[in-house]
Amino acid sequence: MGAGRAYLDWNATTPLHPAARDALLSALAIPGNPSSIHAEGRAARAMVEAARREVAALVGGEAANVVFTSGATEAANAILRAGLQMACALVPGAAAPARPVIAAGIEHAAVLQAIEAAGLPAGYRIVLPVTADGLVAETALAAALAEARAVAPSQPPMVLLQLANNETGVIQPVAELAAIVREAGGIVVVDAVQGPGRMPLEIGALGADVLFLSAHKFGGPKGVGAIVFARSEVRLQGAFIAGGGQESGQRGGTENVAGIAGMGAAAQAVRAMPEAPHAMIQLRDEFENRLNRLAADVEIVGKGVSRLPNTTCFAIPGLPAAQALIAFDLDGVAVSSGSACSSGKVKSSHVLEAMGVPAAIREGAIRVSIGPATTFGEIERCLASLERQLARRRAPGQSASAA
Ligand code: PLP
């Protein structure tokens, strides 16, 4: 990565893939509006539709079922706040009846806040508990579905499932959970944001009715994402952003042609690198082995369960994350904390809290997330910084240069 720095924060955002940059720049050179019928407009439309095909192919879906958005946060808000219509509930123009929404506390803020903003009737928001490893247990899901049935017997509940967690990398057994939801007549919505380039991702195999993606998590530009419906019968009840009828009436506003073109190229690049997760897992395992040697008391969150190949969320007793992040940054290493920083304050991670992780570990949670371009040198730089930090911790009186 950039001059002498190690960028190890790929779950926050990935560097722009060169192919995405090229596609984005080419699209910027096209003056037309994709809704215009002249040649310039048609050229812009062709770019958008080519990207739609690439994004569909990334998840084994159909281009006609892809709706571009400004990112995953908008996608989650659209699904939860505009509502979904399924074939059985197709009443054009009718307002979507409220349905119970089932989601775990480990979901991203985009999902949790969209549920809050959906204004559900009392009792319709059902929180799925997770295990200490951050997994949704099948029994817990069955209980939540029974609760939803009791609350609204005639409304199929909507169940949000996260393919993989951005903080811990823990992978949910989505296909198994989705089967239980479908059996109970529910609707499955999958936040697949952390999947592309890190794990196989196929909408049919997942059993999702709809999933959503964010381009900047897999080499595309920031500020563009997509909703992918599994079938033509599944759609938003109405446009979440009302406007000129773009995106088949599902999302108003002139399309972000350059962003969409960049997303399409990034999707194509991901599909061209099926071996990337294997290379990342080797680097990740090497990192974790050396981490264990540096600090025998290190806690690696979700170590015993299936995790993304690129993510390590760890805490070392006595090493507060807030201080460690600054020390890493000064040493040229970009990592992030399990805690989210907002307005200068360090908040405890809601994900780790939902997992019941003790406060002492939550306060030390540091996330290292890598990508296909990460080098061994970057990992070494991170470990060297950590070694210096630990040496200072053991001998607090010593200066940094002596450590
Ligand atoms: N869901 C997950 C799992 C994420 O990691 C993120 C981004 O951090 C989002 C949703 C929101 O994505 P966006 O940045 O496109 O709004």
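Visitor: Which residue in β17 is the bridge partner of Ser337?

Guide: Ser337 has Ile366 as its bridge partner in β17. Helices (H or I, at least four residues) and strands (E, at least two) are DSSP runs, numbered from the N terminus. This is a predicted model, in which local features need pLDDT of at least 70 and side-chain atom pairs count only at pLDDT 80 or more, while totals for chains, interfaces and linings use all residues. Residues are numbered from 1 along each chain as its sequence is written, and side-chain values use heavy atoms, with hydrogens and water left out.

Visitor: How many bridges hold β14 and β17 together?

Guide: Two bridges, in the antiparallel sense, pair β14 with β17, residues 366-369; strands count as paired if DSSP finds at least two bridges between them.

Visitor: And what is the strand order in that sheet?

Guide: The order is β11-β12-β17-β14, an open sheet of four strands with antiparallel pairing. Because β11 (299-300) and β14 (336-337) each have a single partner strand, they stand at the edges, and one side of each is without a neighbour in the sheet. Helix α9 (residues 276-294) packs on this sheet, touching β11, β12 (311-315) and β17, and its direction makes about 15° with that of β12. Contact means heavy atoms within 4.5 Å, and axes are lines fitted to C-alpha atoms, for helices over the stretch in contact, with angles from 0 to 180 degrees between N-to-C directions.

Visitor: OK, the seven-strand sheet: which strands stand at its edges?

Guide: That open sheet has the order β2-β9-β8-β7-β6-β4-β5, with mixed pairing. Its edges are β2 (66-69) and β5 (125-128), each with a single partner strand, so one side of each lacks a neighbour in the sheet. On average, neighbouring strands there are turned by 20° against each other, direction ignored. Within the sheet, β8 (residues 210-214) and β9 (residues 225-229) run antiparallel and are joined by five bridges, and Val210 has Phe229 as its bridge partner in β9.

Visitor: Which helix lies across β2, β8 and β9?

Guide: Helix α2 (residues 39-58) does, running at about 110° to β2.

Visitor: Switching to the ligand, what is around it?

Guide: The surrounding residues, each with a heavy atom within 4 Å, include Gly71, Thr73, Asn166, Asp191 and Lys217.

Visitor: Where is Asp331, and what does it touch?

Guide: Asp331 sits in the loop between α10 (321-330) and β13 (333-334). Leaving aside neighbours within four places in sequence, its contacts are Arg381, Ser385 and Arg388.
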